[in-house]
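Subject: Structure for you to look at

Dear colleague,

I am passing on the structure we spoke about, and below it I have set out what was found in it. Please keep it open beside this message as you read.

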Amino acid sequence: MTKIITIITDCDNTLMPDAPSLLLKDNGINPQDFWDKISEMVDNKWDPPIAWMTEIVNLMNDGKIKQNTNAKLKEFGASIEVYPGAATFIDEMNQTLGNDLDVKIEGYVVSSGIESIMKGAKISESFTDIFGGSLYEKNGVISGIKSSVTFTEKTKFIFAINKGITSQIREKPYDVNNYIEYSQRRVPFENMIYLGDGPSDIPCFSMIQQKGGHSLAIDSTDDWSKEWEYELRNREMKAFKPDYRQNSELRLFIENLILHTQ
């Protein structure tokens with residue numbers, strides 16, 4: 001039977017630059033001012049993803065962000081330049097390692113970012129599925145938050161991948177709690193490789209490592225994310241520049257991990 005190996009990644013600052021910040025810049029809004037306001041909201045007990053998504057919706061409603069539908073956000077996502085090789089490395093590894101080793105490599109994005117932007121981005125062509133926060137529309141425009149992916153919420157999607165129920169996790173979220181014998185689960189945790197860059201990834205880093213999988217830190221290129229790099233380094237994790245091209249340090253390391261899952 002063909003073995004399934006999953007590469008699960010964050011998106012913003014892992015596969016591509018921070019999309020919400022790019023969205024703000026595209027509309028003439030200073031990202032640093034925006035994130036400073038979000039920090040104040042978090043200090044006031046807001047959940048971080050809810051805080052910044054709420055402010056994004058407010059800016060849309062005020063006419064300050066022109067991409068005020070999910071279709072327009074998806075179109076904006078298509079304009080984002082992803083990191084080198086990020087859009088193709090899953091397919092490339094399947095064509096080489098996958099064929100040679102009789103393994104199937106699947107890519108999943110589990111992110112606190114906006115799902116419609118990520119699904120419009122170039123990465124969507126090679127990743128099996130993308131999970132992120134979603135926005136609902138009313139009277140033809142975005143009106144509010146439909147779902148958010150918080151720090152520990154990310155682990156729900158990891159378990160869905162583990163149990164092989166990703167196709168139903170949105171419509172039947174409680175199914176993730178159904179008991180499935182470990183031997184019957186589609187993707188064992190030891191066959192998972194998780195990549196992320198910041199604080200929202202730490203629960204996944206810890207869980208996957210504890211269960212025998214692998215977690216890799218991606219060095220953020222975002223100036224205001226640098227403060228989190230100490231926490232990642234403090235966990236003695238290997239860190240890599242976001243270069244997914246063939247023969248890059250990151251790509252070679254991932255390929256070596258796949259070789260050693262045999």
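At roughly what angle do the axes of helix H1 (residues 19-26) and helix H2 (residues 31-43) cross, and within what distance do they come? Before the reply, please bear in mind that this is a predicted model. The two axes cross at roughly 125° and come within 9 Å, and that angle makes H1 oblique to H2. On the H1 side the contact is made by Pro20, Ser21, Leu24 and Lys25, which meet Pro31, Phe34 and Trp35 of H2. Sorted by class, the residues in this contact are 5 nonpolar, 1 polar and 1 charged.

H2 itself has 13 residues and reaches 18 Å from its first C-alpha to its last, which is close to the 18 Å expected at 1.5 Å a residue. Its buried residues include Pro31, Phe34, Trp35, Ile38 and Met41, and because these cover an arc of only 105° around the axis, they lie on the same side of H2. As background, an α-helix has 3.6 residues a turn, so residues three or four places apart point the same way. The buried residues of H2 pack against H1 and also against helix H3 (48-61), whereas the face turned away from the buried side carries the exposed residues Asp33, Glu40 and Asp43.

Helix H3 also contains Pro49, which counts as buried because its relative accessibility is 2%, under the 20% cut-off. Leaving aside residues up to four places away in sequence, Pro49 touches Ser112, Ser148, Val149 and Thr150. The C-alpha atom of Pro49 is separated by 18 Å from that of Asn68, a residue 19 places away along the chain.

Asp102, in the loop between helix H5 (89-101) and strand E2 (103-114), has a positive phi of about 55° although it is not a glycine, and with 45% relative accessibility it counts as partly exposed. Asn139, in the loop between strand E3 (129-138) and strand E4 (141-147), likewise has a positive phi, near 55°, in a residue other than glycine. Asn139 counts as exposed, since its relative accessibility is 77%, over the 50% cut-off.

Notes. Residues are numbered from 1 along each chain as its sequence is written. This is a predicted model: local features need pLDDT of at least 70, side-chain atom pairs count only at pLDDT 80 or more; totals for chains, interfaces and linings use all residues. Side-chain values use heavy atoms; hydrogens and water are left out. Axes are lines fitted to C-alpha atoms, for helices over the stretch in contact, and angles run from 0 to 180 degrees between N-to-C directions. Helices (H or I, at least four residues) and strands (E, at least two) are DSSP runs, numbered from the N terminus. Angles under 35 degrees count as roughly parallel, over 145 as roughly antiparallel, 65 to 115 as roughly perpendicular and the rest as oblique. Contact means heavy atoms within 4.5 Å. Ala, Val, Leu, Ile, Met, Phe, Trp, Tyr, Cys and Pro count as nonpolar, Asp, Glu, Lys and Arg as charged, and the others, Gly among them, as polar. The expected span of a helix is 1.5 Å times one less than its number of residues. Buried means under 20% relative accessible area, exposed over 50%, partly exposed in between (1.4 Å probe, protein chains only). The arc is that of the directions from the helix axis to the C-beta atoms.
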